[in-house]
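Welcome! Please take a first look at the structure below, and then let us walk through some of its features together.

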Amino acid sequence: MKAGTNLEKILESGQFAVTAEVGPPKGSSPAVIRRRGELVRNSVDAVNVTDNQTAVVRMSSVAGCAILKTLGVDPIMQIVCRDRNRIAIQSDVLGAIALGIGNILCLSGDHQRFGNHPTSKSVFDIDSMQLIQALKNMRDEKQFISGEEVSGEVPIYIGAAANPFADPFEFRVARLAKKVKAGADFIQTQAVYDVDRFRRWMEAVCERGLDKEVHILAGVIPIRSVGMARYMRDYVAGVTIPDEIITRLEQAEKAKEEGVRIPLEIIEQLKEIPGLHGIHIMAVGWEDIVPEVVERAGLLPRPVL
Amino acid sequence: MITITEQKPFEEILQSLEKNTAVYIIGCGTCATMLHTGGKSEVLTMKERLEEAGKKVTGWMVIPTACDQLTKAALVESARTIQEADSILVMACAFGVQTVGFYIEMQVYPALNTLFVGKEEGPGHFIDVCMQCGNCVLASTAGICPLVRCAKSLLNGPCGGSVGGKCEVNPDIPCAWQIIYDRLAAQGRLVELDKIEPIRDWGTSASGGPRWFNVVTSDE
Ligand code: SF4
Ligand code: SF4
């Protein structure tokens, strides 16, 4: 075991994992995190806490994770490279481990231009690939980026993102291979709406044998309304939503129910894709739907290891 | 190569000159003239506007290349009218402003914002291609700078937001990493992208603190 987290145990034992996401509040209330954590805790194996997602200031990921820990939830701390340099990131990683956080997901981060502090200075001292590598080095070689020694153990289960829907498509598998080489233990992908493209990507992933080296969890986003679907299609970087999904939502009597049925159908298809080891449900701001999605997808009860 | 400038809002210029009554204006005959931000006609317009705002303009000149050492001679030559003013407004890039300030003890104010050193990509269209990082990576990026042309300065791109050749940060600009990818592909060098580009030394860039350079002559 690298970190011995619940997520790691589930994935390493070959079971189909389910993770969810919790967005911290734009405020200081731990109760918000607790409430969102309570909502999903029995339906998933681990919960991501976003790091100022979309460059909007929120409670820190490390604090959110520590609060989830007190509920017995296995947190996945997200780290973006946008706001912190290598000094701050490594320090946060040590702090996270001291607080019992074991899963860390490495991301580049959305550009601050779209957030609520567009005039801020971006950092991007290291990129997500280099962050993965740095965490692996801290864990396996007990070394900081500088080469200096880290004291004590650095047990981390390292996560990374992949977007099979971005371009150039041919490079997307090569990029995953790079992340695996850098040290990723698990991957959470961008939301899947175009299952065919995802399947083609997974075929190429398996051809290269990458499914044997890393656990891939496919992203799924329940759709709250037609407006949200259009917004995601038009403004969320790297998300592609086929027109027929938008049309289905438009024509549905109850768009909200359709917005759950669509991801459920997608999950059904995903479950059949060879090499896929789990799903990651991103229902930020709609956490209450997660238990229903997991249950109706036939993924309950979650294994206790 | 040309230094890209744009004029500051007039209100901001007036605010800089709040405590001053007499101004001498200096324009630049090179980049700022080409970009219509600090050439003769812009200097004359500025003179008019300042006078309308109640300032006395003691004189003006357009120095051929304001960032050049010859600026010193130009300042000496016009010393008398310059000294009649209590401030100098420089309509040149920040190099020009600082050059003037370097040779004269007077209050010097910028009239322009300096954006970047631009490369002309198409007629009248300039792009930022280098931030002078001091540790060039162009060898592994097919001659395209990822530090300034990728919105996230990624060394291991393209990120998950690259769609249809456009950058996720701004659909009007190309994804630098798509260009890098295409060029490497055309040169049969795609395999080079398998290498993880290591964490870089930013110490050679402006992050490392003020920079300077001494020329070493061959007979030393
Ligand atoms: S890598 Fe550095 S020196 Fe090379 S083009 Fe980019 S900023 Fe300039
Ligand atoms: S889309 Fe391309 S240019 Fe924009 S941040 Fe991503 S890799 Fe960089």
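Which residues surround ligand 1? The shell is made up of V129(B), C130(B), M131(B), Q132(B), C133(B), C136(B), V137(B), L138(B), C145(B) and L147(B), where a residue is near a molecule if one of its heavy atoms lies within 4 Å of it. By class, this shell has 9 nonpolar residues, 1 polar and no charged. Here Ala, Val, Leu, Ile, Met, Phe, Trp, Tyr, Cys and Pro count as nonpolar, Asp, Glu, Lys and Arg as charged, and the others, Gly among them, as polar.

Before going further, a word on the model: it is predicted, so local features need pLDDT of at least 70 and side-chain atom pairs count only at pLDDT 80 or more, while totals for chains, interfaces and linings use all residues. Residues are numbered from 1 along each chain as its sequence is written, chains are lettered from A and ligands numbered from 1 in the order in which they are written, and side-chain values use heavy atoms, with hydrogens and water left out.

**Where the chains meet**

Contact (heavy atoms within 4.5 Å) between the two chains involves 31 residues from chain A and 27 residues from chain B. Together, chain A and chain B bury about 2500 Å², with 54% of it on carbon and sulfur atoms; buried area is the accessible area (1.4 Å probe) that two parts lose on being put together, summed over both. Across this interface there are 20 residue pairs in polar contact, both at pLDDT 80 or more. A polar contact is a pair of N or O atoms within 3.5 Å; within protein, one must be able to donate a hydrogen and the other to accept it, and residues adjacent in sequence count only if both atoms are side-chain atoms. On the side of chain A that touches chain B, the elements giving two or more residues are α5 (128–140) and α6 (169–182) of chain A. The largest share of that side, 8 residues, comes from α6(A). Sorted by class, the side of chain A that touches chain B holds 13 nonpolar, 7 polar and 11 charged residues.

K152(B) sits in the loop between α7 (146–149) and β8 (166–167) of chain B; helices (H or I, at least four residues) and strands (E, at least two) are DSSP runs, numbered from the N terminus. Its side chain makes a polar contact with the side chain of E168(B) at 3.0 Å. Beyond neighbours within four places in sequence, K152(B) is in contact with residues including S108(A), H111(A) and F124(A).

S162(B) also has its place in the loop between α7 and β8 of chain B. Leaving aside neighbours within four places in sequence, its contacts include A166(A), D167(A) and R172(A). A176(B), by contrast, lies in helix α8 (residues 176–186) of chain B.

Why do these residues count as buried? Buried means under 20% relative accessible area, exposed over 50%, partly exposed in between (1.4 Å probe, protein chains only), and the table gives their values.

| Residue | Relative accessible area |
|---|---|
| K152(B) | 5% |
| A176(B) | 3% |
| S162(B) | 1% |

**Backbone details**

The peptide bond from D167(A) to P168(A) is cis, with omega near -15 degrees, and P168(A) is in the loop between β5 (157–162) and α6 of chain A. S153(B) is not a glycine, yet its phi is positive, about 50 degrees.
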